[in-house]
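Me: Hey, can you walk me through this one? I'm new to reading structures.

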Amino acid sequence: MMIRKLLSMCALLLLALGIEAAPVKDKHVTAELMAEVSAIAPGQPFWVALKLIHEEHWHTYWINDGDSGLPTKIRWTLPEGFTAGPIIWPTPQRLPMPPLMSYGYEGTTWLLVEITPPADLTATTVDLAANVSWLMCKEICLPGKAAFTLTLPVNTTPVIDPGRADDFRAARVNLPATETDWTFAAHATQTSIELTATPPAGAPALASLYVFAREKGIVASAAEQTLVRDGANIRISLKREVSEDPLPDTFTAVLVGEPSLARDASRTGLDIAVPFSAPATGKAAPAAAASTSANASVPRSLGFIIVSAFLGGIILNLMPCVFPVISLKILGFVNQAGENPRTVWHHGLVFAAGVLVSFWILAGLLIALRATGAGIGWGFQLQSPAALITLSLVFFVLALNLFGIFEFGLSLTSAGGSVTQKQGWSGSFFSGFLATVIATPCTAPFMGVALGYALTQPPVVAFTVFTALALGMAFPYLLLSRYPALLKKLPRPGAWMETMKQVMGFFLLATVVWLFWVLSALVHSITLTAVLAAFLFAGIGAWVLGKWDVLSRPSHQRWIGRSVGLLFIALGAATALGNVHRAANEPETGGEWEAFSPERLAALRAEGRPVFIDFTAKWCLTCQVNKLTVLRTEEMMQAFRDRGVALLYADWTDENEVIAAELAHHGRQSVPLYVLYDGTAAEPVILPELLTRKIVTDALNSLN
Amino acid sequence: MKKAIATALIAALTGIGAYAEDLAIGAPAPEFTLTDTKGVSHDLSDFKGKFVVLEWVNHGCPFVVKHYSGGNMQGLQKEFTDKGVVWLSVCSSAEGKQGYMSNDEWNAAIAEKGIASTATLIDEDGTVGKLYNAKVTPHMYIINPEGNLIYQGAIDDKKSTDAEDIATSENYVRSALNAALAGEPVATSVTQPYGCSVKYK
């Protein structure tokens with residue numbers, strides 16, 4: 001009896017010794033696996049720790065190892081019914097190796113894992129085997145590994161091992177805390193993740209803050225993290241890693257602040273999981289029409305974006321700057337109505353192809369420009385004086401053609417841009433092409449979202465979105481050409497058409513005036529004079545063509561007339577294009593409108609003043625319409641004054657990087673954009689792209 | 001551009017290591033001139049008209065050892081140089097740091113390990129490594145015959161130092177080269193590279 005008791009005591013003693021697997025030193029790291037308990041109980045989870053002691057300057061890695069390295073791995077072999085949780089990682093340290101930055105641990109660290117035994121456990125002892133592997137680096141890197149077996153007796157209740165209390169206490173202090181009085185918001189732009197941290201009242205000022213993104217490949221670990229104090233808030237801008245993968249829905253990170261952001265100040269790290277949001281989630285925008293453009297949240301489902309892009313494309317047809325072409329094209333449909341319906345349908349298809357191809361070219365250009373890092377958005381082709389001059393000359397000559405000063409010779413029919421072309425596939429194709437070129441500066445509602453999205457996405461997605469835009473834009477034409485029944489409702493061709501043609505000529509001239517005005521913002525007055533001279537030369541050229549390049553003349557006279565006429569037009573183009581002198585762009589401020597700068601915005605917000613920002617450009621007709629009919633009206637100005645709203649004017653007529661960055665900050669690539677800060681720290685309200693006085697008044701009334 | 005110059009200036013003046021920008025897929029791969037272990041100078045533009053693979057290497061790094069010990073990397077080099085691809089191994093280890101070897105040591109290692117790359121280029125001052133923002137060994141880049149970057153990142157999808165993982169991993173470089181050689185778009189053109197940090201000066 002005595003002997004049996006002694007034997008069982010010996011067995012228990014042996015078991016107790018077997019609880020801890022001896023430390024294993026592999027090269028420069030000593031690893032040890034330990035359990036917090038000396039006995040486990042069925043169904044009762046318990047903790048084990050992998051303790052890693054690093055030789056001086058040697059380190060192992062966090063779950064996100066940063067630029068180089070490999071997170072430590074534990075492979076468990078557990079008895080049936082046991083489960084092991086993931087590694088609970090302690091707060092990491094920065095391991096800079098310029099120009100690289102890795103994240104991991106030096107000194108002593110503990111990786112915790114929770115193990116759950118099955119509820120129906122009947123064994124008296126269990127063996128928990130673990131194969132541990134790690135990468136240790138100083139200058140150089142070496143793989144390390146160790147195998148452990150923990151043998152633990154099974155009891156009715158778990159027994160805490162007092163000999164391990166210090167280790168587990170230290171392990172838990174090093175874990176990032178989860179409780180905090182701070183609140184966080186995150187949103188992503190094409191190039192950065194912006195994290196806003198709002199402190200609780202009375203919190204001491206932060207001396208420093210570092211963000212360890214938990215997922216690899218989201219944030220460029222070596223990039224500097226810029227902290228901006230924004231009133232009471234701290235804004236941290238994190239550079240995004242170049243990646244093809246979409247962002248997760250939630251930004252997970254460990255924040256290390258000085259002092260700590262955790263409620264328990266003894267913990268240096270704080271675990272956060274913040275859903276990515278749109279910049280304008282603070283308040284709902286006042287008008288229903290705003291809902292699609294205001295909620296420009298970054299991760300959108302592709303399907304939604306494609307539908308928006310398609311609708312946006314249709315609406316493009318209604319924008320003021322597409323109007324001349326749509327009218328001309330309808331004129332073309334009238335002419336085609338007498339033809340075979342099949343031919344009409346084919347013309348519609350070719351027109352759609354023209355729209356499609358031009359959108360693809362535009363998408364290709366945008367992607368290429370984005371790739372070269374130029375901060376250029378939509379409408380960029382109208383920031384180029386050469387493009388503006390060429391377009392205005394083309395429109396001017398076309399207007400003269402519509403007035404009947406000259407007729408297009410056969411040689412010009414395929415030269416492109418002959419929107420009045422009665423037949424010919426190239427005519428249909430190029431009118432589709434031209435429609436797109438003119439449409440681009442007008443960013444219709446819906447389109448901001450699609451564009452912002454497309455430009456943050458891989459090229460394939462960007463092309464899909466542009467394709468949807470193009471199909472939307474071509475849709476009304478396709479519809480008209482497919483169902484000639486609708487065409488029959490149009491008036492029959494007749495003498496009225498000549499009048500209509502001439503009226504269209506005035507629309508084209510109006511477009512020329514607009515292009516010229518855009519140009520005037522970009523270039524020196526010398527260039528403007530050269531462009532006017534170019535119109536004169538082109539006018540002479542057109543007149544010569546009309547007088548001598550006509551069927552009533554002998555062919556040699558026609559030939560000379562055509563040469564001389566074209567020469568004059570070419571001379572005009574050369575005069576204008578050869579005299580492009582860029583002028584410094586003077587923002588159109590004055591009165592109560594101040595030029596926008598991020599510093600001015602921060603200063604005004606710090607004062608607690610509401611701020612309204614008009615992001616605009618001369619080449620954006622929608623912007624001008626909003627400005628003249630809404631924003632600059634006396635009624636609106638009085639409303640702004642009544643509420644003490646500071647007015648900022650961000651002119652993006654040139655390729656201004658500062659404004660491009662601010663647009664990107666709101667998830668946009670284009671103007672117009674109207675932003676209203678309410679004077680508190682809240683996120684701003686984004687107004688729709690087509691403003692009415694009511695929309696602005698309602699937004700102002702929502703200010704408190 | 002002005003911003004980039006200003007950043008570089010500030011970094012140079014204050015001695016802070018500037019954060020290097022990753023290259024953009026589809027953009028021209030930056031031109032460089034490096035001398036190989038046989039003393040021959042190569043310009044990247046010498047290889048216009050061919051696919052070029054750049055492989056950052058350090059034979060002391062366990063991640064590189066993973067791919068050379070069982071002949072995985074040599075096999076890949078042979079497979080694609082046979083198809084007319086130019087394979088350039090680049091060593092940016094500074095003198096005195098891990099992976100640095102003299103030309104004689106390199107040529108002996110090339111013979112002993114059966115390294116089948118077109119040439120091994122020595123970048124001991126790290127200029128080209130930093131130009132490409134090469135972070136780790138192995139860090140892989142593929143340049144198309146027009147001189148544009150079509151792939152950058154890891155060699156495969158199993159981030160480990162264990163050679164046994166190679167059999168079950170997807171080799172991104174092989175997939176990208178096979179697609180590109182067949183005239184198809186590269187499905188995965190950016191991945192997160194894994195490995196040891198490049199042992200810059």
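Reply: In chain A, the crossing of helices α7(A) and α14(A) is right-handed (the near helix is turned clockwise from the far one by less than a right angle; helices are DSSP runs of H or I, at least four residues, numbered from the N terminus). This is a predicted model, where local features need pLDDT of at least 70, side-chain atom pairs need 80 or more, and totals for chains, interfaces and linings use all residues. Residues are numbered from 1 along each chain, chains are lettered from A, and side-chain values use heavy atoms, without hydrogens and water.

Me: Which residues of α7(A) and α14(A) make the contact?
Reply: A386(A), I389(A), T390(A) and L393(A) come from α7(A), while G572(A), A573(A), A576(A) and L577(A) come from α14(A). Contact means heavy atoms within 4.5 Å.

Me: How many residues of the contact of α7(A) with α14(A) are nonpolar, polar or charged?
Reply: Six are nonpolar, two polar and none charged (Ala, Val, Leu, Ile, Met, Phe, Trp, Tyr, Cys and Pro count as nonpolar, Asp, Glu, Lys and Arg as charged, the others, Gly among them, as polar).

Me: New topic: how many residues of chain A are in contact with chain B?
Reply: 28 residues of chain A touch 32 residues of chain B.

Me: And how many salt bridges between chain A and chain B?
Reply: Three, each a side-chain nitrogen of Lys or Arg within 4 Å of a carboxyl oxygen of Asp or Glu.

Me: Which side chain does K159(B) meet in a salt bridge?
Reply: That of D65(A), at 2.4 Å from N to O.

Conventions: Helix = DSSP H or I, 4+ residues; strand = E, 2+ residues; numbered from the N terminus.
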